[in-house]
Every structure is written in C-alpha cells, then in structure tokens.
Amino acid sequence: MQDGWIVTTPIEQLRTPLSRDFYNRDPRRVSRGLLGKVLVRKEGARVLAARIVEVEAYLGKNDAAAHSFAGRTARNAVLFGPPGYAYVYFIYGNHYCLNVSCLPDGVAGGVLFRAAEPLLGMKQMAVARGVSIEATRDLRKLTSGPGRLAEAFGITRERDNARDLTSARSDIFIADDGYRVRRILTTPRIGITKAAERPLRYVIAGNEFVSGPNIRNSKPSLIRS
C-alpha cells in the first residue's frame with residue numbers, strides 16, 4: 001500500500017480550519033457544505049486527512065433522534081453551542097462517533113460524520129483500526145462508517161469532546177481544499193429507530209466510501225452553501 005495522496009491536495013490548503021460562521025447555520029445546510037471538505041488530524045509531524053463523503057443532520061428539539069431532543073444535560077451540552085465544537089459520544093459499547101455543533105449559542109443542532117475517503121496517513125489509520133490494507137479496495141475498512149472513521153483518527157470522548165474545530169491550535173479540524181462536489185444524494189438516516197424516515201442523510205453521489213445500504217434510488221439534493 002502506498003501511503004500518499006489518493007487525490008492531489010497541497011498540504012498548505014489543509015492548514016486553515018473552517019470558520020465558526022460556517023457552522024452557525026441550520027444543520028441541513030452545514031451537512032451539504034461539509035461534503036467534500038477534509039477532516040484533518042495533526043499528530044506531531046504526521047497528518048491524517050480524509051475527504052468527508054457522508055454526514056447526517058440532527059435538528060435539536062424538533063428531532064426525536066437527536067441527543068439534544070430531551071433538553072440540555074452535562075453529556076450533550078456541546079450540542080447547545082457555540083457552533084463549531086466537537087461532540088463525541090460512545091455507542092454500542094465499542095465505538096465513538098464524531099459530531100459538530102451547529103446554530104447559534106444556546107440553540108441545539110449538530111451534524112454526524114458517517115464516512116470519509118482517506119487521503120493521507122492511511123498506514124497510521126490501518127494501525128489504529130487493526131486492519132490490513134492489501135489493495136485500494138481495502139481502504140473502505142478505514143473510514144467507511146462513523147465508528148471506523150473515529151477509530152482511524154484516534155477520536156475519543158476523553159480526547160476530543162468539546163474541542164474547538166475552528167481553532168488553528170486544535171489538532172483536529174475540517175479544512176477546505178477547493179474540491180467541489182458534483183452531486184449530492186439525500187436519504188433517510190440509518191442506524192436509528194426514532195425519526196428514521198426523515199431525509200437528513202447526505203452523501204456524495206457515486207463515492208465508494210459511503211457506508212450503509214445501496215442508495216441508487218435516493219433523491220438528488222440541491223447543492224447550496
């Protein structure tokens with residue numbers, strides 16, 4: 001396995017986090033905007049990077065599937081703002097999930113990162129996941145699915161919950177390298193039982209790193225910033 005770029009992206013373009021204003025919007029708009037952006041983890045001289053290809057929006061008090069639906073608690077306080085902070089939770093007793101807070105301070109909302117396409121640091125991701133990468137097709141084992149993605153990037157609640165993803169001093173953030181998504185598909189969210197019918201899952205059409213079931217019959221979504 002060659003540990004380098006799958007797509008050419010100058011490292012200089014991965015040094016500036018998205019601004020807080022980017023996240024200070026409806027989670028549905030933030031979700032669309034996050035597709036194609038790059039999740040970056042800095043570990044000393046090493047950098048992990050993966051292009052975001054699948055996310056889900058959670059709408060706070062009007063969304064029964066949202067962790068913030070029942071109100072603010074010590075566990076979910078990050079979701080109530082300010083926008084642009086990491087919310088990490090542990091699920092099924094075996095993996096973590098990364099989210100980011102959206103909307104103005106005091107208003108709950110967030111986006112779950114479900115899958116990404118590895119760009120840089122694949123060898124380190126494979127070690128973190130405890131998997132073997134023998135061919136390009138095996139790269140899906142690294143970051144296709146929210147648990148895999150978190151494990152590949154070393155994301156835990158203790159390490160990353162409430163981390164400011166808009167800070168240049170943070171070792172984890174999301175950057176814009178200029179990549180433009182051609183087509184977005186919208187589907188119902190997966191892996192949940194409450195409000196599961198709501199079309200709040202957004203994916204890059206045709207990307208092989210998208211997790212979950214076949215999405216050929218999903219509806220296209222307008223690409224808005």
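**Figure 1. Leu34 in helix α2 of the predicted model.** L34 belongs to helix α2, which spans residues 27-34; the structure shown is a predicted model. L34 is buried, its relative accessible area being 0%. Beyond residues up to four places away in sequence, L34 touches L18, F22, Y23, I52, V100, V111, F113 and I174. One of these contacts, Y23, is 11 residues from L34 in sequence, and the two C-alpha atoms are 9.4 Å apart.

**Figure 2. Tyr23 and the largest nonpolar core.** The largest nonpolar core has 47 residues, and the members that touch the most others are Y23, L34, L35, L39, F113, F153 and I174. Strand β2 (residues 46-58) supplies the largest share of this core, six residues. Apart from this core lies another, of 12 residues, which include Y58, A65, Y89 and A195. With neighbours within four places in sequence left aside, the contacts of Y23 are L18, V30, L34, P83, G84, V100, S101, C102, L103, T166 and I174.

**Figure 3. Leu98 in strand β4.** L98 lies in strand β4, which covers residues 95-101. With a relative accessible area of 3%, L98 is buried. The residues touched by L98, not counting those up to four places away in sequence, are L39, A86, Y87, V88, V111, L112, F113 and I155. L98 and D160 are 62 residues apart along the chain, and their C-alpha atoms are separated by 8.8 Å.

Figure 4. D164 is located in the loop between α6 (157-160) and β6 (172-175). Its relative accessible area is 17%, so D164 counts as buried, the limit being under 20%. The side chain of D164 forms a polar contact of 2.8 Å with the side chain of R20. A polar contact of 2.7 Å joins the side chain of D164 to that of T166. Leaving aside neighbours within four places in sequence, D164 is in contact with R20, G84, Y85, S170 and I172.

**Figure 5. Strand β7 and its pairing with strand β8.** Strand β7 comprises residues 184-187, and both of its faces are covered. I184 and T186 on one side are buried, as are L185 and T187 on the other. Strand β7 runs antiparallel to strand β8 (residues 201-204), and four bridges join the two. Within this pairing, T186 stands opposite Y202 of β8.

**Figure 6. The salt bridge between Glu54 and Arg201.** The side chains of E54 and R201 form a salt bridge with an N to O distance of 2.8 Å. This pair links distant parts of the chain, with E54 in strand β2 and R201 in strand β8, 147 residues apart. E54 and R201 are both buried.

**Figure 7. The salt bridge between Arg129 and Glu151.** R129 and E151 meet through their side chains in a salt bridge of 3.0 Å, N to O. The pair links distant parts of the chain, 22 residues apart: R129 is in helix α3 (residues 122-129) and E151 in helix α5 (residues 146-152). R129 is buried, at a relative accessible area of 19%, whereas E151 is partly exposed, at 37%.

Figure 8. The side chains of D176 and R180 form a salt bridge with an N to O distance of 3.8 Å. D176 is partly exposed, with 31% relative accessible area, and R180 is exposed, with 57%. A network of salt bridges links R41, E43, R159, D160, R163 and D171. In the whole structure, a search finds 15 salt bridges.

**Figure 9. Overall context for the close-up views.** The protein contains six helices and nine strands. Of its 225 residues, 54% are buried. Among contacts between residues at least 6 apart in sequence, 64% join residues at least 24 apart. The protein exposes about 10700 Å², of which carbon and sulfur atoms supply 49%.

Note on methods. Residues are numbered from 1 along each chain as its sequence is written. This is a predicted model: local features need pLDDT of at least 70, side-chain atom pairs count only at pLDDT 80 or more; totals for chains, interfaces and linings use all residues. Side-chain values use heavy atoms; hydrogens and water are left out. Buried means under 20% relative accessible area, exposed over 50%, partly exposed in between (1.4 Å probe, protein chains only). Contact means heavy atoms within 4.5 Å. Accessible areas come from the Shrake-Rupley method with a 1.4 Å probe; for residues, only the protein chains shown count as cover. A nonpolar core is a set of buried Ala, Val, Leu, Ile, Met, Phe, Trp, Tyr and Cys residues joined through side-chain atoms within 4.5 Å. Two strands pair if DSSP finds at least two bridges between them. A polar contact is a pair of N or O atoms within 3.5 Å; within protein, one must be able to donate a hydrogen and the other to accept it, and residues adjacent in sequence count only if both atoms are side-chain atoms. A salt bridge is a side-chain nitrogen of Lys or Arg within 4 Å of a carboxyl oxygen of Asp or Glu.
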